[in-house]
Amino acid sequence: MPREDNRTKIRRDLLVRIARLLTNGTIEEEIDAIPFDMTNEGWEQVRCCIQHDRALLRLRLLALMGFEVEGKEDVVRPLGYYAHILMEHVSNMVSREHVFSQVKEPEAKTEIESSHSSVSLEREANVAVDLTAPLKLNDRFPLHMITEACNACEGARFMVTEACQGCVARPCKTGCPKDATSIVRGRAYIDYEKCINCGLCARVCPFHAIVRIPVPCEEVCPVGAIKKGKDGVARIDHRTCILCGKCLKNCPFGAPQEQSDLFSVVTALRMKRKVIAMLAPAAMAQFPTSPGRLPSALRRIGFDEVVEVAAAADRVAKEEAQEIVERLSTGEAFVATSCCPSWVRAASRLDGIADHVSHTPSPMVMGARLVKEENPNAFVVFIGPCLAKKQEGKEEEAVDAVITIEELGALLVAMEIEVGEEEELPLEETISSYGRGFGASSGVSYAVLHAIDELESEIKIEHRVIDGLSSDSLKEIARWSIDSPESTLVEVMACEGGCVGGPCAIAHPKTSKKLLMKYAGEVNKQV
């Protein structure tokens, strides 16, 4: 894996250790040793003591397994107890060959969360943590907030630094609309009781001595799904969260933690189910080698078949092109693409916008349905760099599991498989460069425009790309319900750069985009 910060290194190390125990079949017996093994010689202490670090590692493991750790802890039961519950749960799920993997009724020994309705943030913040109650398995939402790991950062604010020169001009003081800035002992001072966080003081300081201190997770969340309780600890509102993964990527304390599907995937492999891997275009652009070597590596892991999702992307482009032409012909002002599940979740909460999202399923969903038609008893696993695909997969019965590139990377490391050393297999020749280009920003719209050209329609298409969702871009989109955009086709991707910039990618987005171009072929110059 490429260079990584300490938070990412810890998360990936946990995944590798889990993958190793799963493939060895010793997860229940050995998972309790992981926090101790990781904090052996060479471990750089993070919190107050080594015991606290181990407690946090234990919580991360519970979150990876899917147990609800938000504001909760169980100091009584060993991790092996929870691993046993989970493995029994996934074994039951995987063994149901004729029923797709969606779990309808809880069957594990402990209570399983039956609803992913949002917690009441204030209520949770005021409830004392019961350290002995068994944790619930919540497999309905793939992102958990480890509240114990949260730093409870102070709210975003402006702060005067040592760079302040106490200048004569004092524009920070004279320009403050609330008289919140004064000069105390020769330096600027901000009275936070008066400050309204307008930032004028920072903008006018000639020495850049006043800086804004953000709350990283709140700062990057485009929909305001992360809020603090009265205890100052961040929590995720599941009703609002679009699973873009920006908090996962940007929280320096690693408090958000995704749930891993490695447990069910490795179980399916060990149970000798027919397991089919679906590789997203962005997944084919994560390893610095020829794209044909990755399917070969997956075959070595034990996958029976490896399918390029780009083939389904070609079909999606054609169906979406037909749909767009038909809808614009009836006078609809614009149509937005539907391949990004985070965007679809965001649009569903914008009045007057959701109706403009294409009804064509995403390449993952369409591809999985095609695979299931031919292999109804197969266990279908989607692989990509996206967190939201995990939730989209839970809602689509043709998809049995979704693992991220980080999870796949962990599995490869655990099994000591080097992608670059694998045999290069030929790629599917019938897939177009447009389908393979879906993984980058603009790739979807170019594919759809190409398909519209082939329809020889007289409809004139003006297209626009929203490259990454932010609070500002969502505000602009929300206004389209009253004032339609000039473009009639709008591609929206939650991640900057498209899927290659996904929160669970392992390659740098610029590197990944180059690899995607190589995968797509030089024919597709637009990608």
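Tutor: Start with the cut-off: a residue is buried under 20% relative accessible area, exposed over 50%, and partly exposed in between. Keep in mind that this is a predicted model.

Student: Fine. Is Asp-74 buried or exposed, then?

Tutor: Asp-74 is buried, because its relative accessibility is 0%.

Student: Which side chain does Asp-74 meet in a salt bridge?

Tutor: That of Arg-77, with N to O at 3.1 Å. Arg-77 has a relative accessible area of 22%, so it is partly exposed.

Student: How many salt bridges does the structure hold?

Tutor: The count is 26. Side chains of opposite charge can pair when their charged atoms come close.

Student: Give me another. What does Glu-162 pair with?

Tutor: Glu-162 and Arg-187 form a salt bridge, 3.6 Å from N to O. This pair links distant parts of the chain, 25 residues apart. Glu-162 is in the loop between β2 (157–160) and α7 (171–174), while Arg-187 is in strand β4 (residues 187–190).

Student: And the exposure of Glu-162?

Tutor: Glu-162 is exposed, because its relative accessibility is 68%. Arg-187 comes in at 27%, so it counts as partly exposed.

Student: What about Arg-212, which residue is its partner?

Tutor: Glu-219. The closest N and O atoms of Arg-212 and Glu-219 are 2.6 Å apart. Both residues are partly exposed: Arg-212 at 38% relative accessibility, Glu-219 at 44%.

Student: Which residues do salt bridges with shared partners join into one network?

Tutor: Glu-4, Arg-11, Arg-12, Glu-258 and Glu-406. Glu-406 is also one of the buried residues of helix α17.

Student: Let's stay on α17. How many of its residues are buried?

Tutor: 9 of 10, so helix α17 (residues 405–414) is mostly covered. Among the buried ones are Ile-405, Leu-408, Leu-411 and Leu-412. Glu-407 is buried too.

Student: What follows α17?

Tutor: Glu-416, with a positive phi near 55°.

Student: Switching to charge on the surface. Which residues gather in the negative patch?

Tutor: Glu-28, Glu-29, Glu-30 and Asp-37. Helix α2 (residues 27–30) gives the most to the patch, with 3 residues.

Student: Where does Glu-28 sit, and how exposed is it?

Tutor: Glu-28 is in helix α2. Its relative accessibility is 30%, so Glu-28 counts as partly exposed.

Student: Now the sheet. What is the strand order?

Tutor: β11-β15-β14, with 3 strands in an open sheet and parallel pairing. β11 (335–336) and β14 (463–467) are at the edges. Each has a single partner strand, so one side of each has no neighbour in the sheet.

Student: How many bridges pair β11 with β15?

Tutor: 2 bridges, in the parallel sense; strand β15 covers residues 489–493. Within this pairing, Ala-336 stands opposite Val-490 in β15.

Student: Last one. Where is Val-223?

Tutor: Val-223 lies in the loop between α9 (216–220) and β6 (226–228). Its relative accessible area is 24%, so Val-223 is partly exposed.

Student: What separates the C-alpha atoms of Val-223 and Thr-240?

Tutor: 6.8 Å, although the two residues are 17 residues apart along the chain.

Notes: Residues are numbered from 1 along each chain as its sequence is written. This is a predicted model: local features need pLDDT of at least 70, side-chain atom pairs count only at pLDDT 80 or more; totals for chains, interfaces and linings use all residues. Side-chain values use heavy atoms; hydrogens and water are left out. Patches are made of residues with over 30% relative accessible area and no salt bridge: like charges are joined within 9 Å, nonpolar side chains (Val, Leu, Ile, Met, Phe, Trp, Tyr) within 5 Å. Accessible areas come from the Shrake-Rupley method with a 1.4 Å probe; for residues, only the protein chains shown count as cover. A salt bridge is a side-chain nitrogen of Lys or Arg within 4 Å of a carboxyl oxygen of Asp or Glu. Lys and Arg count as positive and Asp and Glu as negative; His and the chain ends are not counted. The place of a charge is taken as NZ of Lys, CZ of Arg, CG of Asp or CD of Glu. Helices (H or I, at least four residues) and strands (E, at least two) are DSSP runs, numbered from the N terminus. Buried means under 20% relative accessible area, exposed over 50%, partly exposed in between (1.4 Å probe, protein chains only). Two strands pair if DSSP finds at least two bridges between them.
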